[in-house]
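User: I have a protein model to study. Please walk me through the aromatic rings in it.

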Amino acid sequence: MDERTRLRLDVAYDGSGFSGWAAQPTRRTVAGVLVETLDLVLGAGTATGLTVAGRTDAGVHASGQVCHVDLPSAVWREQDGRLLRRLARLLPTDVRVRAMTEVPADFDARFSATFRRYEYRVTDAPWGAEPLRRHEVLAWPKPLDLTALNAAAAGLVGEHDFAAYCRRKEHATTLREVTRLDWRRDPDGILVATVQADAFCQAMVRSLVGAMLVAGDGRRPVEWPGSLLARRERSSEVTVAPAHGLTLVAVGYPEDPAEYARRAEATRQLRVPVQG
């Protein structure tokens, strides 16, 4: 068997025109476009094993997505230094591979990750979202109170069973550790929620945002989002916030490459596929 080299790809995309990350036969997806372009540049099937840190849903954006692929080492030696520019010429403008880095063979973009960090952007301006930012900012119809949003967020930080906020999958755990959840208002008036956890189950981030927003505009008490953690099944009272306000901004990995395999093994024992 030919010697192979594992590459880490740092990827950004505007999710507006994609049906999520995962390849689907009849739909345009980020993974589908990446594989198609790699095949075009290197030859069909040359790059194998595309694996992503977090499979974002339809319409969700990314500025800090991470995935890995394996290439024949001889091909990488030949292409190193020019593959990034070749991809840039052929990829559509709504997806960019920002970096390609050789990593140890036991690096796993999904299972070696220590955290995923998302940001969700909302405007409560009475005129709505600025036209040039309408694809990344949710327009909220009521004024939002930053103090109330952060009070609601505080009740969701920590390790909990987030069943009320997840689309349950058979044999999948909904136990997650949220290590950061807070809101800020930027100078332009945009409210930004930062949500970081070891992993997320499907629709969890947007469900959390949906619950906090109705506390932020006064329709629910600030204790309400946290009170739902006592439930062991998805809450029908939680409205999932629209996808276009959400961006995956960072994925963390152990600083010591020697820890990649250990982290991956520990993660595999804890849970099955994760999504944002």
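Predicted model: local features only at pLDDT ≥ 70, side-chain atom pairs only at ≥ 80, totals over all residues.

User: How many aromatic pairs does the structure hold?
Analyst: It holds six aromatic pairs. Rings of Phe, Tyr and Trp (its six-membered ring) pair if their centres lie within 6.5 Å; planes under 30 degrees apart count as stacked, over 60 as edge-to-face and the rest as tilted.

User: What makes the pair of Y13 and W21 tilted?
Analyst: The planes of Y13 and W21 are 40° apart, with 6.2 Å centre to centre. That pair is therefore tilted.

User: Why is the pair of F107 and Y260 called edge-to-face?
Analyst: The planes of F107 and Y260 stand at 75° and the centres are 5.1 Å apart, so the pair is edge-to-face.

User: Why do F107 and Y260 count as buried?
Analyst: Buried means under 20% relative accessible area, exposed over 50%, partly exposed in between (1.4 Å probe, protein chains only). F107 has 0% and Y260 has 10%, so both are buried.

User: What makes R28 a charge over the ring of F18?
Analyst: A charge sits over a ring if NZ of Lys or CZ of Arg is within 6 Å of the ring centre and within 35 degrees of the ring normal. R28 lies over the face of F18, at 4.1 Å from the ring centre. R220 lies over the face of W224, at 4.2 Å.

Technical notes: Residues numbered from 1 in each chain as written. Heavy atoms only, no water.
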